[in-house]
Amino acid sequence: MACILHIETSATVCSVAVSEDGQCIFDQADHSGPNHAERLGTMVDEAMSFTDNHAIPFDAVAVSCGPGSYTGLRIGVSMAKGICYGRDLKLIGVPTLQLLCVPVLLRHELEDDALLCPMLDARRMEVYAAVYDRALREQRAVGADIVDADTYRKFLDAHPVYFFGPGAVKCMDTINHPNAHLIEGIEPLAKYMQPLAERRFLDGTFEDVAYFVPFYLKDFVAKQPQKLI
């Protein structure tokens with residue numbers, strides 16, 4: 001097992017956590033934002049002071065790598081890279097949409113064939129979403145979706161689908177399918193990064209600190225102009 005510093009700044013909440021041997025031992029979240037530039041440095045300092053005071057060395061830094069807010073991701077990744085350079089640590093990238101699935105899998109009982117559809121808000125009826133099964137195997141890649149009644153119909157006709165995340169609430173009346181279920185209150189938070197980050201640590205899946213860049217929404221939009229108005 002490993003001691004990992006987790007940084008999450010992809011949405012409006014700024015959060016930092018530390019996990020050791022599969023357990024969260026430090027957790028802070030600021031829900032008053034977005035004010036990541038103001039709060040992240042202080043929260044990271046407190047996390048590092050906590051581990052230093054308990055003589056716990058870090059093995060890696062995990063950062064939410066998007067999609068998400070351009071400014072938020074840039075702040076989080078810059079901080080993560082700085083710590084990796086300063087302490088000679090490994091860098092782990094955690095996809096934000098997979099991160100949103102973790103509290104759902106931990107706290108909710110789902111059917112064996114259930115699918116998960118995490119959503120980040122874009123504008124109007126647009127979201128950035130993906131579809132996963134309960135093992136987080138990708139059933140549909142990240143997409144920029146203009147949501148209507150047919151957007152997820154092929155999944156809904158065959159499976160119960162759980163929608164959640166900052167973009168989900170506004171879509172439910174439009175989706176309007178008996179197999180569509182809304183889970184409210186799900187946000188990307190650093191304390192939920194541990195299982196995904198630890199899996200990558202054990203697999204040796206690390207990012208190149210010098211060249212790593214997150215999955216900015218603006219980059220995704222630029223690749224799919226036909227989906228935008």
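Which residue in strand 4 does Ile 7 stand opposite? Val 63 is the one facing Ile 7. Keep in mind that you're looking at a predicted model.

- Five strands form an open sheet in the order 3-2-1-4-5, and their pairing is mixed.
- Strand 3 (23–30) and strand 5 (90–94) sit at the edges with a single partner strand each, so one side of each has no neighbour in the sheet.
- Going from one strand to the next, the twist averages 15°.
- Strand 1 (residues 3–8) and strand 4 (residues 60–64) run parallel, joined by four bridges.
- Helix 6 (residues 194–203) packs on this sheet and touches strand 1, strand 2 (14–20), strand 4 and strand 5. The direction of helix 6 makes about 130° with that of strand 5.
- As a bit of background, strands of a sheet pair through backbone hydrogen bonds, in either a parallel or an antiparallel way.

**The nonpolar cores**

- The largest nonpolar core has 33 residues, and the ones touching the most other members are Val 94, Leu 116 and Phe 164.
- At least two residues of this core come from each of strand 4, strand 5, helix 3 (96–107), strand 6 (115–121), strand 7 (126–133), strand 9 (161–164) and helix 6.

**Strand 6 and its partners**

- Strand 6 is mostly covered, with six of its seven residues buried.
- Strand 7 pairs with strand 6 in the antiparallel sense over five bridges, and Asp 121 has Val 127 in strand 7 as its bridge partner.
- Four residues lie between the strands in the hairpin of strand 6 and strand 7, where Arg 124 takes a positive phi near 45°.
- Strand 9 pairs with strand 6 too, but in the parallel sense and over four bridges; here Cys 117 stands opposite Phe 163.

**A look at Arg 140**

- You'll find Arg 140 in strand 8 (residues 138–146).
- Its side chain makes a polar contact with the side chain of Asp 145, at 3.0 Å.
- A polar atom of the Arg 140 side chain also lies 2.8 Å from the backbone oxygen of Ala 129.
- Beyond neighbours within four places in sequence, the contacts of Arg 140 include Val 131, Tyr 152 and Phe 155.

Methods: Residues are numbered from 1 along each chain as its sequence is written. This is a predicted model: local features need pLDDT of at least 70, side-chain atom pairs count only at pLDDT 80 or more; totals for chains, interfaces and linings use all residues. Side-chain values use heavy atoms; hydrogens and water are left out. Two strands pair if DSSP finds at least two bridges between them. Axes are lines fitted to C-alpha atoms, for helices over the stretch in contact, and angles run from 0 to 180 degrees between N-to-C directions. Contact means heavy atoms within 4.5 Å. A nonpolar core is a set of buried Ala, Val, Leu, Ile, Met, Phe, Trp, Tyr and Cys residues joined through side-chain atoms within 4.5 Å. Buried means under 20% relative accessible area, exposed over 50%, partly exposed in between (1.4 Å probe, protein chains only). A polar contact is a pair of N or O atoms within 3.5 Å; within protein, one must be able to donate a hydrogen and the other to accept it, and residues adjacent in sequence count only if both atoms are side-chain atoms.
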